[in-house]
Structures are given as structure tokens and as C-alpha cells.
Amino acid sequence: MENTHQYERCLVMAGGGFRFGYYLGIHAAAEETGHAPDLLLASCGGAVAAAAIARLPDAPARKAWLASREVHAFLAGLQSTARAAPLPMLGRAVRRWLHRAPVPAIPDLFDDYLFDLPARAPLPPASGRLEPAVAIVGGKMLFGPEDVGQARGARMLFAETVFGGARVASLLDGAAAPAADPRWSDGAIAPLLQVDSAMPLEDAVRTSLSDMFYFRCHQHAGSHYTGGVIDLFPIELARRLAASVAMERKGHPDPWLVAPAWRAVLGIDGAARLRAVHEQRADVWIDTSDMAQALRGQGLKKAIRWQENRLWLVAPSSYDNYRAQVDAQWRYGYTKGLAAFTQGQRA
């Protein structure tokens with residue numbers, strides 16, 4: 001019989017991009033204050049951090065892995081595609097901003113992307129250890145390359161999917177997909193949540209990183225998947241999975257680039273979704289609403305190389321500078337986590 005008992009504590013690690021080092025700091029603070037989670041629910045960059053936490057034994061080992069030359073080389077090796085030409089890219093973004101109809105046509109997540117992401121994410125090697133448990137959010141695509149550009153009509157295009165073990169699957173059996181709620185979704189996402197217990201962790205992480213327009217969708221076992229951006233604020237899933245939930249109170253999505261992309265591809269009103277999340281109860285709220293400002297410059301930078309007519313994601317060329325960035329990310333997360341978890345102890 002499957003274990004259908006809730007986990008004790010869930011830490012949601014959703015988003016973060018390639019500044020996911022701050023999640024390692026948040027988790028270290030949770031451990032230090034007696035709030036170590038037995039489940040990590042993660043998406044996008046948070047999925048990389050979750051996998052590292054589960055595969056490595058302690059906070060120093062996790063931080064050392066992120067600050068390693070191997071991870072620095074991975075980030076420094078990201079390549080731009082021909083779609084990253086600045087003026088055409090800006091034109092596509094302006095059209096998405098101007099066009100207010102959600103998902104008018106089936107989007108091209110196969111060839112319309114700016115940066116090449118290797119098939120494998122930079123994870124610590126598997127050692128048989130996976131503690132705490134990890135559940136990762138992604139989106140299964142319900143269309144193929146032959147459908148791109150067709151009028152969508154009322155067709156459902158995505159199924160919100162959680163990649164996790166048998167216990168996660170039991171707890172989420174029959175759950176509605178939060179991303180499909182009609183309060184913020186126009187119907188492009190199927191109403192029932194899917195759970196996949198077969199996908200390997202490496203593929204689940206790579207899937208969750210596949211943000212539309214940034215990276216190509218991920219293919220596995222004959223299906224295509226898009227990123228954890230389908231549900232960056234999965235508080236409903238966290239509450240179903242665990243008795244106690246800790247998650248971030250995030251800042252509002254960028255109204256010029258991020259919000260129009262969500263609307264154009266997923267049919268989601270990101271601002272409405274975030275408001276509804278903040279109105280719900282979490283046992284611990286970690287305030288990272290200032291993350292974009294506090295960690296400005298402490299991650300991959302976008303830079304236009306006009307001689308190449310390309311936008312690039314640029315990692316620090318100096319390994320020492322990269323290590324300093326990792327330290328800044330970690331300290332930010334640790335400080336925010338310590339404040340949130342100690343406040344919870346006093347309450």
C-alpha cells in the first residue's frame with residue numbers, strides 16, 4: 001500500500017533562474033533553525049538547487065558544488081542562437097505585449113528560443129542518496145511541431161505535471177492543476193494535474209528549466225515538456241503534500257516581458273495568479289520580493305554583442321568573481337530564510 005501520509009514540512013523552491021544559489025542559503029537557514037524540510041517542491045532554477053540538496057550531505061558540500069569550476073564552466077558555456085538577434089527579438093516581445101488575446105495560436109517551443117541549454121543540467125552525481133524527497137513542476141505539451149502556428153481555438157495545449165516518487169503521486173492523485181484555475185487561466189492548460197514517477201531526476205530538472213523563449217522544450221520518452229514556469233507558485237500542491245509549508249513571497253512579474261510571455265504561451269494572467277497565492281496561508285513566508293534588486297549583477301548577465309548581432313547570457317569570466325557571486329546569492333538566501341524561520345519560532 002502506498003504511503004499517503006503527508007510530509008511534515010515542504011519547502012517550495014520555485015523560480016530563481018540561474019541565481020538559484022539563494023535557495024541553498026534558505027535551506028541552510030531552515031536546517032539551522034530546526035525547520036529542515038522532508039520535501040522540496042521545486043521549479044525552474046529551484047529544481048537544480050533541490051536536486052543538489054537531495055544528493056549532497058550538508059550545506060558546505062552543496063555550496064562548494066555550486067561554487068565549483070565545473071558549474072562555472074557550464075554557465076560560461078551557454079550559447080546564443082540565431083533567434084537572439086536583438087532587434088527581431090525586441091520586435092517579437094513588443095508584439096506579445098501589444099497582443100492581449102491569450103494564446104491565439106499554438107506557440108513554437110521547438111525552434112523559437114534564444115539560448116542553447118545542454119541536454120543535461122549540471123547536477124552532482126547520483127550516489128543513491130535522495131533526501132529530502134524532491135518533487136519538480138513542469139508542463140507536458142499536448143501538441144507537436146506539426147501543430148505550431150495553427151489557431152488554438154479552445155484546444156488544451158499543456159498538462160501541468162509533477163515529477164516525483166510514489167508517495168508524491170499518491171498524495172496528488174486526482175488533484176486539480178492549479179495553473180488551470182479559470183480565475184487566471186483561459187483554458188490552454190488541462191484541468192487535471194498529471195504526476196510522473198518514472199522520469200529520471202536529471203530529465204525532470206532539465207524539463208523544469210525549459211522556460212519558453214529562453215530554452216528549447218525538453219524531449220523525453222517520446223513526449224515534449226516545457227518548464228516549471230507553468231506554475232511558479234504551487235502553494236496548493238505544497239499544502240496537499242505537507243502539513244507545514246514554507247515558500248517565498250515573490251515580487252510581481254515583469255509586466256513588459258514575463259507577463260506577456262505567460263499570456264501568449266500559457267494563457268495565464270501572472271499578476272492575478274500571484275495575488276491569489278499571497279492571499280492563501282503558508283506556515284512560513286520568506287520575503288524575497290526584493291531579490292531582483294538585492295542580487296542585481298549577482299548571476300548571469302544579459303549583454304548584447306553587436307559585432308555578432310546576438311544577445312548573450314554572460315557568466316563571470318573570472319572564477320574568483322563567480323565564487324563571489326555564489327557567496328552573495330547564498331548569503332542573501334540565508335539571511336532571508338533565517339529571518340523567516342526565526343520569526344516563525346517566536347510566533
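Helices here are DSSP runs of H or I with at least four residues, numbered from the N terminus. All the views come from a predicted model.

**View 1. Around the second largest pocket.** Helix 5 gives the largest share of this pocket's lining, with 3 residues. Helix 5 (86-98) and helix 9 (258-266) each put in at least two. The lining runs to 17 residues, and Arg 96, Pro 107, Asp 112, Phe 213 and Ala 264 sit nearest the centre. By type, the lining splits into 9 nonpolar, 2 polar and 6 charged residues. The space inside comes to about 370 Å³.

**View 2. Helix 2, wrapped up.** With 11 of its 11 residues buried, helix 2 (residues 45-55) is largely enclosed by the rest of the structure. Its cover includes strand 1 (7-14), helix 1 (21-32), strand 2 (39-43), helix 3 (59-66), strand 5 (133-141) and helix 7 (201-208).

**View 3. Arg 55 meets Glu 202.** Here the closest N and O atoms of the salt bridge are 2.7 Å apart. Glu 202 belongs to helix 7 and Arg 55 to helix 2, so the pair ties together parts 147 residues apart in sequence. Arg 55 is buried at 9% relative accessible area, while Glu 202 is partly exposed at 24%.

**View 4. Arg 152 with Asp 186.** This salt bridge has its closest N and O atoms 2.4 Å apart. Arg 152 is buried, at 8% relative accessibility, and Asp 186 is partly exposed, at 32%.

**View 5. Asp 231 with Arg 273.** These side chains meet in a salt bridge at 3.1 Å, N to O. Asp 231 is buried at 2% relative accessibility, and Arg 273 is buried too, at 4%.

Definitions and conventions
Residues are numbered from 1 along each chain as its sequence is written. This is a predicted model: local features need pLDDT of at least 70, side-chain atom pairs count only at pLDDT 80 or more; totals for chains, interfaces and linings use all residues. Side-chain values use heavy atoms; hydrogens and water are left out. Buried means under 20% relative accessible area, exposed over 50%, partly exposed in between (1.4 Å probe, protein chains only). Contact means heavy atoms within 4.5 Å. On a 1 Å grid over the protein atoms alone, a cavity is a set of points where a 1.4 Å probe fits but cannot get out, and a pocket is an open set with protein on both sides within 12 Å along at least five of seven lines; lining residues have an atom within 4 Å of a point. Grid points are joined across faces, edges and corners, and a volume is the space filled by probe spheres set on the points. Ala, Val, Leu, Ile, Met, Phe, Trp, Tyr, Cys and Pro count as nonpolar, Asp, Glu, Lys and Arg as charged, and the others, Gly among them, as polar. A salt bridge is a side-chain nitrogen of Lys or Arg within 4 Å of a carboxyl oxygen of Asp or Glu.
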